[in-house]
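Subject: Structure handover

Hi,

Here is the structure for your files. Please open it alongside this note. My findings follow below.

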Amino acid sequence: MMRPTFKTCPTCGSRKIKLATGDYRTTTRGRSIVIPDVRRHECPTCGEILLDYEAVQQIEEARQGGRNPSRRSSRSIKRGA
Ligand SMILES: [Zn+2]
């Protein structure tokens with residue numbers, strides 16, 4: 001069951017936060033990357049995008065590895081405490 005982590009927008013206080021999943025665009029080291037299937041919460045009132053812990057992890061991993069398909073991803077990922 002999909003349950004929003006954020007209920008109110010920290011920027012404008014709106015309670016209309018909605019959960020969305022899709023491509024997330026960001027830049028790393030001067031180039032832009034697109035991370036597919038990132039779950040985030042969007043505020044339709046002010047346009048704020050909120051990322052939960054998992055989404056942040058997903059983006060960080062993509063930033064480390066970039067989009068180079070030849071890079072091996074077999075190494076285990078350390079999870080913080
Ligand atoms: Zn807002």
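Three strands make up an open sheet, in the order β1-β2-β3, with antiparallel pairing. β1 (18-28) and β3 (49-51) are the edge strands. Each has a single partner strand, so one side of each has no neighbour in the sheet. From one strand to the next, the twist averages 55°.

How exposed is β1? Of its eleven residues, the number buried is one, so β1 lies largely in the open.

β1 with β2

β2 covers residues 31-42. Ten bridges link β1 and β2 in the antiparallel sense.
- Ala-20 has Arg-40 in β2 as its bridge partner.
- Gly-22 is opposite Val-38 in β2.
- Thr-28 has Arg-31 in β2 as its bridge partner.

β1 and β2 form a hairpin, with two residues between them. Arg-29 sits in that loop between β1 and β2. Its phi is positive, about 50°, although Arg-29 is not a glycine. Is Arg-29 buried or exposed? Arg-29 has 7 C-beta neighbours inside 10 Å, so it counts as exposed.

Asp-37 has a positive phi of about 60°, and it is not a glycine. Asp-37 is placed in strand β2. There are 10 other C-beta atoms within 10 Å of Asp-37, so this residue is exposed.

β2 with β3

How many bridges join β2 to β3? There are three, and the two strands run antiparallel.

Which strands does helix α1 lie across? Helix α1 (residues 53-65) lies across β1, β2 and β3. Its direction is at about 170° to β2.

Before the sheet

Lys-7 belongs to the segment before β1. Lys-7 has 9 C-beta neighbours inside 10 Å, so it counts as exposed. Leaving aside residues up to four places away in sequence, Lys-7 touches Arg-15 and Ile-17. Where is His-41 relative to Lys-7? Lys-7 and His-41 are 34 residues apart in sequence, and their C-alpha atoms are 9.1 Å apart in space.

In short

The model is predicted. For the backbone, start with the positive phi values at Arg-29 and Asp-37.

Best wishes

Key:
Residues are numbered from 1 along each chain as its sequence is written. This is a predicted model: local features need pLDDT of at least 70, side-chain atom pairs count only at pLDDT 80 or more; totals for chains, interfaces and linings use all residues. Two strands pair if DSSP finds at least two bridges between them. Helices (H or I, at least four residues) and strands (E, at least two) are DSSP runs, numbered from the N terminus. Axes are lines fitted to C-alpha atoms, for helices over the stretch in contact, and angles run from 0 to 180 degrees between N-to-C directions. Two residues are in contact if their C-beta atoms, placed from the backbone, lie within 7 Å. A residue is buried if 20 or more other C-beta atoms lie within 10 Å of its own, exposed if 12 or fewer, and partly exposed in between; C-beta atoms are placed from the backbone.
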